[in-house]
Amino acid sequence: MARRQAPIRVGVAGWDYRDWKGVVYPKPRPRGFDPVRYLAGFIDLIEINSTYYRPPRPEVAERWAERVADLDSFRYSTKMWRRFTHERDKAWRRAEVKQVDEGLRPLHRAGKLDAVLVQFPWSFKNEDPSRGWLRDLVDAFGHYPLVVEVRHASWNEPEFYEWLAEHGVGFVNIDQPLFARSIPPTARSTARVGYVRIHGRNDHDWFRKGAGPGARYDYLYELDELKPWVERTKEVARTKGTGVVDVVFNNHTRGKAVVNALQFELLLTGRRPPVPDTLRDAYPEALAPVTAPRRPERRAA
């Protein structure tokens, strides 16, 4: 008997990018334009990345939830504040935990929070101090649906996956440029939320000093590069105990994440998703398999 497959939500990381104007979003924007509502017409998930830079104020999180309250299938995930993932030179304070907790609570209560992404950098290696830091973080925030992203290959061992499962913490399967000690592609689920993050394969700029996110994540996947990830995602969705799988495209430069998310949806379901007109015009070749042919305009008699 085939194992049941958990539902899969496909989305993108962030929504507020200057280079999305006229590419993902119409330009000029109509009055009252809401980019979140607009994106929700095409994808099922947005990973909020502003929470990496600072915890949200509770009233801001409440507005995020209200904007999509009527969309039953739409969800957010949020990135953990960098104070807990990248600024590890000193122990955090209880007040900082409270800040994050108060900011996430409105989304969680509203049923719109699929996961809290705890993303560590490549420098976070499987060593005693790192394991202790992670234990403390899970103790502080374990009442949220945490998913952990690690990028160094030292974490790719059974004991780590077993520890995540014991603590109900999800593992993030990632696609990234592969260097000597990069964690390889995986298809694992260790908690109720399965998670896949697609970063791009721009190895030239990945570790280049001075390369900003616009350069680092400037990569458009070919369909053949996405197909193995479709199969991995299905494998995650069939893993016992998995309740939902979130797939997030982070290659955001000039809307490439949205292009690949729509392509992924087609490969995953066999159905053509709706496509923003501006995006179709910006990437006609890449989106040709996704979009139905336009009807020719009728000429006046």
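Trainee: Which residues does Asn-251 touch, not counting residues up to four places away in sequence?

Mentor: The model is predicted, so local features need pLDDT of at least 70 and side-chain atom pairs count only at pLDDT 80 or more, while totals for chains, interfaces and linings use all residues. Residues are numbered from 1 along each chain as its sequence is written, and side-chain values use heavy atoms, with hydrogens and water left out. Contact means heavy atoms within 4.5 Å. By that rule Asn-251 touches Ile-198, His-199, Gly-200, Tyr-217, Tyr-219, Leu-220, Tyr-221, Lys-256, Ala-257 and Asn-260.

Trainee: Where is Asn-251 placed, and is Asn-251 buried or exposed?

Mentor: Helices (H or I, at least four residues) and strands (E, at least two) are DSSP runs, numbered from the N terminus. Asn-251 sits in the loop between strand S8 (244–249) and helix H9 (256–269). Buried means under 20% relative accessible area, exposed over 50%, and partly exposed in between (1.4 Å probe, protein chains only). At a relative accessible area of 0%, Asn-251 is buried.

Trainee: With which side chain does the side chain of Asn-251 make a polar contact?

Mentor: A polar contact is a pair of N or O atoms within 3.5 Å; within protein, one must be able to donate a hydrogen and the other to accept it, and residues adjacent in sequence count only if both atoms are side-chain atoms. Here the partner is the side chain of Asn-260, at 2.8 Å.

Trainee: How many salt bridges does the structure hold?

Mentor: The criterion is a side-chain nitrogen of Lys or Arg within 4 Å of a carboxyl oxygen of Asp or Glu. The structure holds 19 of them. One of these joins Glu-47 to Arg-197, with the closest N and O atoms 2.6 Å apart. Glu-47 lies in strand S2 (residues 45–48) and Arg-197 in strand S7 (residues 193–198), so the pair ties together parts that are 150 residues apart in sequence. Glu-47 is buried, at 0% relative accessible area, and Arg-197 is buried at 0%.

Trainee: Which residues are linked with Glu-47 in a network of salt bridges?

Mentor: The network links Glu-47, Glu-149, Arg-151 and Arg-197.
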